[in-house]
Amino acid sequence: MEIIIKNVTDFNLKYTLESGQSFRWNWVDDAYFGVVQRQILKIQQKNDTLIIHSSYEQDKTSFLTHLHHYLDLHRDLANILNAVNVDAYIARAIDMFWGMRLLNQELWETIASFILSQNNNIARIRNIIRTISQRFGQKLEYEGYVDYTFPDPKTLADAGRDKIFDCGTGYRASYLWNAANNVANGELSLDALKLMEYGCAKQELMKLKGVGEKVADCICLFSLGHQQALPIDVWIKRIFERVYLRKRAKPQEIQDFAKNYFGEFVGYAQQYLFHYAQQQPDWDNGDHLTLSFKHK
């Protein structure tokens with residue numbers, strides 16, 4: 001099935017899919033292939049037009065609505081970026097990666113993915129997720145591209161900790177298995193999470209074994225749409241300590257400063273700062289450090 005979305009403004013597919021939010025997209029020839037909602041999607045961007053192919057037929061209207069939500073196309077990105085564009089440093093990041101949006105991903109897979117992301121690099125996270133999907137999910141194929149659905153909570157709960165460990169998850173196997181059990185037995189309701197305000201959702205997620213503030217904030221930001229969430233990983237901590245605070249700081253100090261400084265869309269601000277630092281080896285040199293004092 002093919003869907004064409006025309007006149008898309010303020011959107012860059014490459015920056016959105018390659019900025020560390022999701023671990024399931026692959027560039028093949030001239031398109032991105034990935035698994036979303038138990039189907040393979042093939043997405044291409046040609047100027048202001050998105051061309052999306054799905055591996056199975058479905059109602060186009062509901063599918064189009066889901067795509068707009070998943071890619072965050074319904075938000076006024078220009079307004080959001082204008083709100084967080086408060087100094088010359090982030091202005092440079094925004095100019096370089098204009099059009100990068102925050103994905104709204106499937107909740108269970110996001111919970112599992114960011115549990116697996118702890119003390120891990122992106123390449124290894126991607127490999128682990130693919131291994132788990134290949135062993136416990138269902139095989140999908142489209143235009144010669146083969147991938148697998150991410151297993152549901154009951155499947156992983158029934159598989160057991162040891163089999164999850166065999167997928168290369170290390171100590172995270174216990175955390176993932178525990179989360180799968182909690183969702184499968186109803187102790188953690190995904191539907192209820194989707195209706196909660198940010199603070200409540202974050203606290204509920206942190207009840208899961210092995211889920212701290214950073215992982216909970218990633219889930220809130222990349223699945224639940226809470227743009228006030230600020231995941232503080234090693235990179236974000238380093239950025240705020242080097243560029244803004246100019247001193248070592250505890251996570252709560254960074255949270256307080258960042259939310260006051262960037263406002264309600266701090267989640268978007270952090271994603272642009274994170275991706276900029278990832279792509280620019282000299283992100284904290286002398287020239288860059290002077291920019292944070294130059295306000296717009």
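1. Is aspartate 217 buried or exposed? Aspartate 217 is buried, with a relative accessible area of 0%. Buried means under 20% relative accessible area, exposed over 50%, and partly exposed in between, with a 1.4 Å probe and protein chains only.

2. A word on the basis. This is a predicted model, where local features need pLDDT of at least 70, side-chain atom pairs count only at pLDDT 80 or more, and totals for chains, interfaces and linings use all residues. Residues are numbered from 1 along each chain as its sequence is written, and side-chain values use heavy atoms, without hydrogens and water.

3. The whole structure holds 14 salt bridges. The term means a side-chain nitrogen of Lys or Arg within 4 Å of a carboxyl oxygen of Asp or Glu.

4. Lysine 202 and aspartate 217 form one of them, at 3.0 Å from N to O. Lysine 202 sits in helix H11 (residues 198-205) and aspartate 217 in helix H12 (residues 213-222), so the bridge ties together parts 15 residues apart in sequence. Helices (H or I, at least four residues) and strands (E, at least two) are DSSP runs, numbered from the N terminus. Lysine 202 is also buried, at 8%.

5. Aspartate 147 pairs with arginine 24, with the closest N and O atoms 3.4 Å apart. Aspartate 147 is in strand S7 (residues 145-148); arginine 24 is in the loop between helix H1 (13-17) and strand S2 (26-28), 123 residues apart. Aspartate 147 is buried at 2%, and arginine 24 at 6%.

6. Glutamate 253 and lysine 247 meet at 2.8 Å, N to O. Glutamate 253 is partly exposed at 31%. Lysine 247 is partly exposed at 45%.
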